[in-house]
Amino acid sequence: MELLVASAIGIMTAAGLYLVLRLRTFPVILGMSLLTYAVNVFLFASGRLTIGAPPILRDDVTAYTDPLPQALVLTAIVISFGMTAVVVMIGLGAFLGSNDDHVDDQPDTSTPKSEGQT
Amino acid sequence: MTHWIIAPVVLPALLAPFIVLAARYHIGIQRVFSVAGVVALISIAAGLAWQVSDGSVLLYQLSDWAAPFGIVLVGDRLSTLMVLLTTVLALFVLLYAIGSGWDNRGRHFHALFQFQLMGILGAFLTGDLFNLFVFFEVLLIASYGLMIHAGGNARLRAGVQYVLFNLVGSTLFLFALGSIYAETGTLNMADLAQRVTLIGPEETVGIRVAAVLLLLVFAIKAALAPLHFWLPSSYAEAPAPVAALFAIMTKVGAYAIIRVYTMIFPPDLEVTSGLHDLWLLPAALVSLAIGMLGVLAAKKLDRLVAFSIIGSMGMVMVTISLFSPAGIAAALYYIVHSTLAGAALFLISDLVRTGRANLNLVPHPPVMGSALTAGLFFVGAIAMAGLPPLSGFLGKLLVLDSAYGTDLVVWIWVIVLGSSLISILGFARAGSILFWKAHSMDPGEDPGDVTRPTVLSYVAVGGLFSLLTAHTVFAGQVHGYTTRIAAQLFAPDAYISTVIDTPGKLSKPKEDH
């Protein structure tokens, strides 16, 4: 199971990084989502992988799973979900406004000199 | 247990929804509540700073859960100084936003402003790394809204870059926190400081990765080269008052580096040796050089100011990465100076914009009131470039003095002094093009109803300059205080024992250890 989880995190991170390095907004946002999925699973695994163990103290139970990473993941999921929504809205606004969805700065075609004379 | 320390977080958190819900159509009421809130925050921050100035550490356990199980807020000299600096800066920025009418050019400026303050103040006060992440997100999500305040295509495009860069930063932060938790089983800073020393020399792979990842995250926030690329566009395109407030946000990164790398990963710790002097110091020197070269190369005034922010952060980080008490004391003095000077320059660049189509560095006929603006720019440029008589000069002297005797002293002195010269050239070029050459231009047809900046705008900029003057006049006292802050940082036992040993719910009885 460790191999499965670890390789899943690795592949998702790699794919996310590749997409984040693209030039247009949509693949970059997809890449960000993949990265946040990867980091959520990673956070979950940081409390060690345990199967079928309760996270809360009970009588006659000896093996527990760590409850803290689950709380951390919950926070991280909520935040990353909200942030993705924000970036989709801002990216959409920028695309609709300038009809261009490159994430990098396009070369400035207007020369300062001509602007100064107007 | 005093409850005042949580007030800087709770007050803006209550005020912001109140402004949205109760006063959303009344800009006057919003302004009154926003200013009143910030004034109240200043008095609370001053009270907190006075309370801990004797070297004590204030602790607040949320819901009385004992550390490391609950989240704690901790106020010591460093965090209360930063809180005070933020609130004072926020007052003048807010006054400028009101005076220039920026707050009325889009919706919800004041609510976002309060949320922004909540995030920044919380990040300074928290004693828990995951809570630090949460406050970073609070300040970021408010800053996304403020950054694209008043809209416009160029601003939205810069906003997309800013948001995406910071999302990657947040993801890195989570990776760092995950690896720290996997290695140590705690995220409380004081608890971490104790547990990191327990890790055996052969099992340090994970914690070293975590330390580097965490440094990367804070370096993104502090705009350290080569992670500074997000800053020039974002700060240049953001509305001027927002950019002025953002001057404190890079300092949040610097604060986090100081806090984490003096307490959890101190310079004498075997695990992270080499991180400070081999990696951080050269990166800081490079960003100092890049920033000041950018000042000379910039084609627009707002970009010029943004690059000067990068340069001044480089200066701060050079001094921090020495990780000596004298270095930290000098860095803190310079942080206060560069925050005020950077914010003032952003506000002045907005004053310059009045009556001009854009901020391109090309001659443009003079407009009404440009003499006063030119004078203010002159003072701001002197402050930022570090010329006497203002505090930038004293700060730079302290930086050079603290670097004296270290191995890389030649490099540090050459780059600090050389980049100062370049930045003086850059500011002189910009000022002479904008203000002197203007008089050789043909005025052309009368532009007619050019609105002059209001008195309140000038009052806000003047207020920042009066603070800079006070920072210069009382330099001895301020530097004495920052020296005491540095002494407290390098003796973290009081901090750690206050956090760990204060009883609360769930704390173990002493005999069970």
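Mentor: We'll take chain A, the interface, then some features of chain B.
Mentor: This is a predicted model, so mind the cut-offs: local features need pLDDT of at least 70, side-chain atom pairs count only at pLDDT 80 or more, and totals for chains, interfaces and linings use all residues. Residues are numbered from 1 along each chain as its sequence is written, while chains are lettered from A and ligands numbered from 1 in the order in which they are written.

Trainee: How many helices and strands are there in chain A?
Mentor: Chain A has four helices and zero strands. Both kinds of element are DSSP runs, numbered from the N terminus: helices are H or I with at least four residues, strands are E with at least two.

Trainee: What is the mean pLDDT of chain A?
Mentor: The average is 85, and 89% of the residues score at least 70. pLDDT is the predictor's confidence in each residue, from 0 to 100.

Trainee: Where in chain A is confidence lowest, and where highest?
Mentor: Lowest in helix H4 (residues 112–117) of chain A, with a mean of 43. Highest in helix H1 (residues 2–20) of chain A, at 94. Residues 111–118 of chain A have pLDDT below 50, yet beyond near neighbours in sequence this stretch has 13 contacts in the model. A contact means C-beta atoms, placed from the backbone, within 7 Å. Where pLDDT is low, predicted coordinates should not be read in detail.

Trainee: On to the interface. How many residues of chain B are in contact with chain A?
Mentor: 31 residues of chain B are in contact with 31 residues of chain A. On the chain B side, helix H5 (129–147) and helix H6 (153–184) each supply at least two residues. H6(B) gives the most, with 17 residues.

Trainee: And by class, what is that side of chain B made of?
Mentor: It has 18 nonpolar, 10 polar and three charged residues. Nonpolar covers Ala, Val, Leu, Ile, Met, Phe, Trp, Tyr, Cys and Pro; charged covers Asp, Glu, Lys and Arg; the others, Gly among them, are polar.

Trainee: New topic. At what angle do H13 and H14 of chain B cross?
Mentor: Roughly 175°, with the axes of H13 (residues 301–320) and H14 (residues 325–353) coming within 9 Å. That makes H13(B) roughly antiparallel to H14(B), a label for angles over 145 degrees. Their contact has 14 nonpolar, seven polar and one charged residues.

Trainee: Is H14(B) mostly covered or exposed?
Mentor: Mostly covered, with 27 of its 29 residues buried. Buried means 20 or more other C-beta atoms within 10 Å, exposed 12 or fewer, partly exposed in between, with C-beta atoms placed from the backbone.

Trainee: What sits in the loop between H13 and H14 of chain B?
Mentor: B:Phe323 is there. Its phi is positive, about 45°, although it is not a glycine. B:Phe323 is buried, with 23 other C-beta atoms within 10 Å.

Trainee: Which other residue has a positive phi without being glycine?
Mentor: B:Asp64, with phi near 65°. B:Asp64 lies in the loop between strand E1 (58–61) and E2 of chain B. B:Asp64 is partly exposed, with 13 other C-beta atoms within 10 Å.

Trainee: Last one. Which residues does a cis peptide bond join?
Mentor: B:Ala225 and B:Pro226, with omega about 5°. The bond from B:Pro388 to B:Pro389 is also cis, with omega near 10°.

How values were computed:
Two residues are in contact if their C-beta atoms, placed from the backbone, lie within 7 Å. Axes are lines fitted to C-alpha atoms, for helices over the stretch in contact, and angles run from 0 to 180 degrees between N-to-C directions. Angles under 35 degrees count as roughly parallel, over 145 as roughly antiparallel, 65 to 115 as roughly perpendicular and the rest as oblique.
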